[in-house]
Amino acid sequence: MFRVKFTNSNDAPIFVQVDPWAGLYKRCKGDEIEFAANGNDKELVVDVEEHNDTRIVTLWNSDEYFVVREGRPVHWKEFPTHVSE
């Protein structure tokens with residue numbers, strides 16, 4: 001399982017978007033978020049792009065992803081995005 005963690009050290013909030021699902025997560029200064037994914041029958045490929053206040057993580061050859069919470073992967077559908085806060 002592949003895992004990647006983002007920590008916002010900026011004064012302003014950032015957004016982390018996980019594609020192709022368009023999961024969007026807002027992180028304020030000091031906030032962390034970690035994602036985990038498995039590849040399907042092909043090798044998992046991860047692209048990370050930075051656009052101003054948004055980081056876009058694209059997971060190629062993965063059927064789903066998880067948000068790691070307290071060391072345990074939680075399916076993305078069960079993890080709130082908190083974008084409206």
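Does Val 4 count as buried or exposed, and at what relative accessibility? Val 4 counts as buried, because its relative accessibility is 19% and the cut-off for buried is under 20%. The model shown here is predicted. Its chain has 85 residues and is built from strands, with eight of them and zero helices.

**Confidence**

- The chain has a mean pLDDT of 90.
- A pLDDT of 70 or more is reached by 95% of the residues.
- Strand β4, residues 32–37, has the highest mean pLDDT among the elements, at 95.
- Strand β1, residues 2–7, has the lowest mean among the elements, at 92.
- Where pLDDT is low, predicted coordinates should not be read in detail.

**Overall build**

- Read from the N terminus, the order of elements is β-β-β-β-β-β-β-β.
- The chain is as compact as a globular protein of its length, because its radius of gyration of 12 Å is close to the 12 Å given by the globule rule for 85 residues.
- Along the principal axes, the C-alpha atoms fill a box of roughly 40 × 25 × 20 Å.
- Of the contacts between residues at least 6 apart in sequence, 54% join residues at least 24 apart.

**Surface and charge**

- Buried residues make up 36% of the 85 in the chain.
- The chain exposes about 5,400 Å².

**Val 4 and its surroundings**

- Val 4 sits in strand β1, the element that spans residues 2–7.
- Leaving aside residues up to four places away in sequence, Val 4 touches Ile 33, Glu 34 and Phe 35.
- Val 46 is 42 residues from Val 4 in sequence. In space, their C-alpha atoms are 9.5 Å apart.

**The loop between β2 and β3**

- Strand β2 covers 14–19 and strand β3 covers 23–27, and Pro 20 lies in the loop between them.
- The peptide bond joining Asp 19 and Pro 20 is cis, with omega about 15°.
- Ala 22 lies in this loop too. Its phi is positive, near 60°, although Ala 22 is a residue other than glycine.
- Ala 22 is partly exposed, because its relative accessible area is 49% and exposed requires over 50%.
- Most residues other than glycine have a negative phi, and most peptide bonds are trans.

**The loop between β5 and β6**

- Asn 52 is found between β5, residues 45–51, and β6, residues 54–60.
- Asn 52 is not a glycine, yet its phi is positive at about 50°.
- Asn 52 is exposed, because its relative accessible area is 77%.

**The loop between β4 and β5**

- Asp 41 is found in the loop between β4 and β5.
- Asp 41 is exposed, because its relative accessible area is 77%.
- Asp 41 and Asn 61 are 20 residues apart in sequence. From C-alpha to C-alpha, the distance between Asp 41 and Asn 61 is 7.7 Å.

Terms used
Residues are numbered from 1 along each chain as its sequence is written. This is a predicted model: local features need pLDDT of at least 70, side-chain atom pairs count only at pLDDT 80 or more; totals for chains, interfaces and linings use all residues. Side-chain values use heavy atoms; hydrogens and water are left out. pLDDT is the predictor's confidence in each residue, from 0 to 100. Helices (H or I, at least four residues) and strands (E, at least two) are DSSP runs, numbered from the N terminus. The radius of gyration is taken over C-alpha atoms; the globule rule is 2.2 Å times the number of residues to the power 0.38. Buried means under 20% relative accessible area, exposed over 50%, partly exposed in between (1.4 Å probe, protein chains only). Contact means heavy atoms within 4.5 Å. Accessible areas come from the Shrake-Rupley method with a 1.4 Å probe; for residues, only the protein chains shown count as cover.
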